[in-house]
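Please work through the exercises below with the sequence and the model at hand.

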Amino acid sequence: MSLTLILLRHAKSGWDDPIASDHERTLTDRGTRDAHAIGAWLRQHRYLPDAALSSDATRTRQTMQGVLSGLNQPDQTQYLSALYNASVDTILRLIKRQSAKTLLICAHNPGIGFAAQQLALTPPQHQRFDDYPTAATTVMRFDAADWSDIRQGTVTDFVIPADLKQ
């Protein structure tokens with residue numbers, strides 16, 4: 001049996017509102033476009049999540065709305081405060097409790113990037129994988145029947161928004 005994990009860093013956000021907290025930061029226009037582009041890319045490649053978990057920060061909520069609209073799927077994401085600036089250990093604990101066959105996680109760096117690095121059996125040959133820029137997306141498969149059994153998976157795809165503009 002195979003499980004698929006999609007690890008997504010939130011899209012580009014800004015600091016336009018000097019009063020807003022980090023948690024309330026919103027996507028820039030570029031971030032909104034990038035979220036839609038990643039959703040369209042996921043749909044094109046048939047990486048369709050059965051379940052999604054996201055940080056509850058405004059920028060991750062907006063990223064998920066854009067991605068899911070690109071997938072033509074309703075927003076059934078669970079928005080969790082535990083994923084706001086979560087460590088890699090927290091992200092892995094949440095993953096291991098899931099039951100969906102294809103799971104999408106949207107969170108923040110450095111945790112989401114470190115999770116991708118730790119879970120990848122072999123990292124993709126992409127110059128931006130290690131710094132995991134905004135809207136970076138890794139898709140990996142695990143030869144396991146249950147998320148609690150995963151160790152390292154095979155990266156099947158990695159993309160950043162700049163790759164989609166070529």
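The model is predicted, so local features need pLDDT of at least 70 and side-chain atom pairs pLDDT 80 or more, while totals for chains, interfaces and linings use all residues. Residues are numbered from 1 along each chain as its sequence is written, and side-chain values use heavy atoms, without hydrogens and water.

**Exercise 1.** Classify the ring pair of W41 and Y47.

*Solution.* Rings of Phe, Tyr and Trp (its six-membered ring) pair if their centres lie within 6.5 Å; planes under 30 degrees apart are stacked, over 60 edge-to-face, and the rest tilted. A search of the whole structure gives five aromatic pairs. For W41 and Y47, the centres are 5.6 Å apart and the planes stand at 50°, so this pair is tilted. Buried means under 20% relative accessible area (1.4 Å probe, protein chains only). W41 is buried because its relative accessibility is 7%, and Y47 is buried because its value is 8%.

**Exercise 2.** Classify the ring pair of F129 and Y132.

*Solution.* The centres of F129 and Y132 are 6.0 Å apart with planes at 75°, so the pair is edge-to-face. Both F129 and Y132 are buried. Together with F158, F129 and Y132 form one aromatic cluster.

**Exercise 3.** Which backbone oxygen does the side chain of R9 reach?

*Solution.* The R9 side chain reaches the backbone oxygen of Y132 at 2.9 Å.

Terms used: Buried < 20%, exposed > 50% of the residue type's maximum accessible area, 1.4 Å probe, protein only. Polar contact = N/O pair within 3.5 Å; in protein donor to acceptor, adjacent residues only side chain to side chain.
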